[in-house]
Amino acid sequence: MPEAVTAPSTAPSTAPSTAPSTAPSTAPSTASATASAGVGGGGEPDVAGLHQLCRDLAEAADAVREASRHASELALGTRLPLAALGTSGRARTALRTLLRTLRDPKGLGWAADGRGVARAGWLAGVLTSRESLAVSLAVTGLKARIRAAAVAHPELLSDPDTAHVLRAVEQDRQREAVRTFKRIIGSQGAERAFALLAPSFADILAWNALTDENPFNDEAGWEIATGRTLTAAEPVMGVSGRVWALLDRGPGRAEPKPPEPGLLERLDTSGTIGGYLGNIGTVGTGGVLLVQRVSGPDGVTRYVVQLAGMSTDGVRNESPQDLLGAVHAVARPSTPYSRATARALRLAVPTGAEIALVGHSLGGITAMNLAADREFCTLYRVTHVVAVGSPIDGKRPADPATRVCSLINEHDVVPSLEGRSSVSPYALPAQFTEFTWTDDTHAFPLCHAAERYEHNLRFDVPEASAHVDAELTRFRGRVTDTRLFQLYDR
């Protein structure tokens, strides 16, 4: 167990239930927005204002991108160019105007987008670093988000290396930002580099995706910049979720596992979130699923399913809790881990029973994937999902009555890997309650460990622990049975 730490430097907060629904009809100019989002300005900007600005810019970027696609279809399709070949002077004038607009820095920039010839024009623009107005607006919005994160996390600017990264981002020096990040890893270690940049990591990845010469990660950058669920690909190399699904195949298999001597005595039966995290740490990341049957305070039998995170033993192994499974679970709703867990529960839980799914890291993602599965939710009533250190914000439960609680240390980079950071300007649905905090470790993966989250909840953010425990009151009672299952890909 890590040593005790001081109280969090920022108070835990629940995310608002809805995002603002209105936005100005016109977005601020790129120049003024950049000034507002700038790093290292004289005074501290207003975080709420920056968040509103980046939502406005994202909306404007989407509108300009759609206009660019429409103009590309007209100018680079078949109808208008064919008409321009005829005798119509008006068609020729319209074609010249559209083509000029699609490549004029004072118009839409290099704005070819769409299919066919337009797609080739877009690809040429990416490979030659040509700028479009839509991308400029999206990138400026990302800079506003990064600046807002630096207000909430002053350590981003007080550390010379991370401040150098943010200045390079602000000035669109993509190669310099990458070189500086590599230097931080070399001098301070990957653990500290990821922890320090965690509050802005997703936004930096999206900025890099939209400004580099890699065409495959652009759509992921767009999804993050506009607050959408990250589904197209991962934002670093741009590898599609379909590829991860191909690599991580398997129907999922579950076999009952006899408990090791003394294991049942070490498991917590208090029914608290701290106890469940302790149990997850006890069973480990070797593919073991824990299911506790509980007689609740009202005498009703319910079940608590406890799902561990990713194993660090290898990229791919026979357990679904490997690195491939983790990447796959972020991108897709059904994985070998979720299918193996569903098979285990068919052996342990009667149809129609109430269940709570508690997961750490990959276990939290899998819990949400199960809660989002309509077929699974016809078998069981999933009343609660508690995800700890998990990137789940883009997923939604199939049952609108399911309550979701997300618990996040803001220096843990893992929860932001699906594109939404813990200081995001985009709110979560009313079903979600999100608690975020910091402690003084500032080290990853230490701050991501189940044991560290258990420590945080017990000593640093007891109000978050109390909230979750109150939500799970009906599952607190006498544990009448404990079942263990070994999970496999096949």
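This is a predicted model: local features need pLDDT of at least 70, side-chain atom pairs count only at pLDDT 80 or more; totals for chains, interfaces and linings use all residues.
A helix, in these notes, is a DSSP run of H or I at least four residues long, and helices are numbered from the N terminus.

**Entry 1: Arg100 and its patch**

I looked up how open Arg100 is to the outside. Its relative accessibility is 45%, so Arg100 counts as partly exposed. I then checked for other charges around it. Arg100 gathers with Arg92, Arg96 and Arg103 in a patch of positive charge on the surface.

**Entry 2: the whole chain**

I stepped back to take in the protein as a whole. I find 21 helices and 8 strands in it. The protein has 490 residues, and 55% of them count as buried. The accessible surface comes to about 20,800 Å². Carbon and sulfur atoms hold 56% of that surface. Among contacts with a separation of 6 or more, 73% are between residues 24 or more positions apart.

**Entry 3: Ala387 in strand S5**

Next I went to Ala387, which sits in strand S5, residues 381-388. Is Ala387 buried or exposed? Its relative accessibility is 0%, so I put Ala387 down as buried. I listed its contacts, leaving out residues up to four places away in sequence: Ala387 touches Gly359, Gly364, Ile392, Cys405, Ser406 and Leu407. I also noted a distance to Val358. Ala387 and Val358 are 29 residues apart in sequence, and their C-alpha atoms are 6.1 Å apart in space.

**Entry 4: Asn409 in strand S6**

Then I turned to Asn409, in strand S6, residues 403-409.

**Entry 5: two serines with positive phi**

I looked up backbone angles and stopped at two serines. Ser129 has a phi near 60°, a positive value in a residue other than glycine. Ser129 is placed in the loop between helix H5 (117-127) and helix H6 (133-152). With 45% relative accessibility, Ser129 counts as partly exposed.

Ser361 also has a positive phi, near 60°, and is likewise a residue other than glycine. I find Ser361 in the loop between strand S4 (354-360) and helix H18 (362-371). How covered is Ser361, buried or exposed? At 8% relative accessibility, Ser361 counts as buried, and the cut-off I used for buried is under 20%.

**Entry 6: salt bridges**

I moved on to charged pairs. The structure holds 18 salt bridges, and I looked into a few of them.

Glu213 forms a salt bridge with Arg175, and the closest N and O atoms are 3.5 Å apart. Glu213 lies in the loop between helix H11 (201-211) and helix H12 (218-225), while Arg175 lies in helix H9 (residues 174-188), so this pair ties together parts that are 38 residues apart in sequence. Glu213 is partly exposed, with a relative accessible area of 26%. Arg175 is exposed, with a relative accessible area of 54%.

The side chains of Glu255 and Arg253 also meet in a salt bridge, at 2.3 Å from N to O. I have Glu255 as partly exposed at 34% relative accessibility, and Arg253 as partly exposed at 31%.

The side chains of Glu354 and Arg381 meet in a salt bridge too, 3.1 Å from N to O. Why does this pair tie together parts that are 27 residues apart in sequence? Glu354 lies in strand S4 and Arg381 in strand S5, so the bridge links the two strands. Glu354 is buried, with a relative accessible area of 13%, whereas Arg381 is partly exposed, with 43%.

I followed this pair further. Glu354 and Arg381 belong to a network of salt bridges that also links Asp298, Arg302 and Arg474.

Key: Residues are numbered from 1 along each chain as its sequence is written. Side-chain values use heavy atoms; hydrogens and water are left out. Patches are made of residues with over 30% relative accessible area and no salt bridge: like charges are joined within 9 Å, nonpolar side chains (Val, Leu, Ile, Met, Phe, Trp, Tyr) within 5 Å. Accessible areas come from the Shrake-Rupley method with a 1.4 Å probe; for residues, only the protein chains shown count as cover. A salt bridge is a side-chain nitrogen of Lys or Arg within 4 Å of a carboxyl oxygen of Asp or Glu. Lys and Arg count as positive and Asp and Glu as negative; His and the chain ends are not counted. The place of a charge is taken as NZ of Lys, CZ of Arg, CG of Asp or CD of Glu. Buried means under 20% relative accessible area, exposed over 50%, partly exposed in between (1.4 Å probe, protein chains only). Contact means heavy atoms within 4.5 Å.
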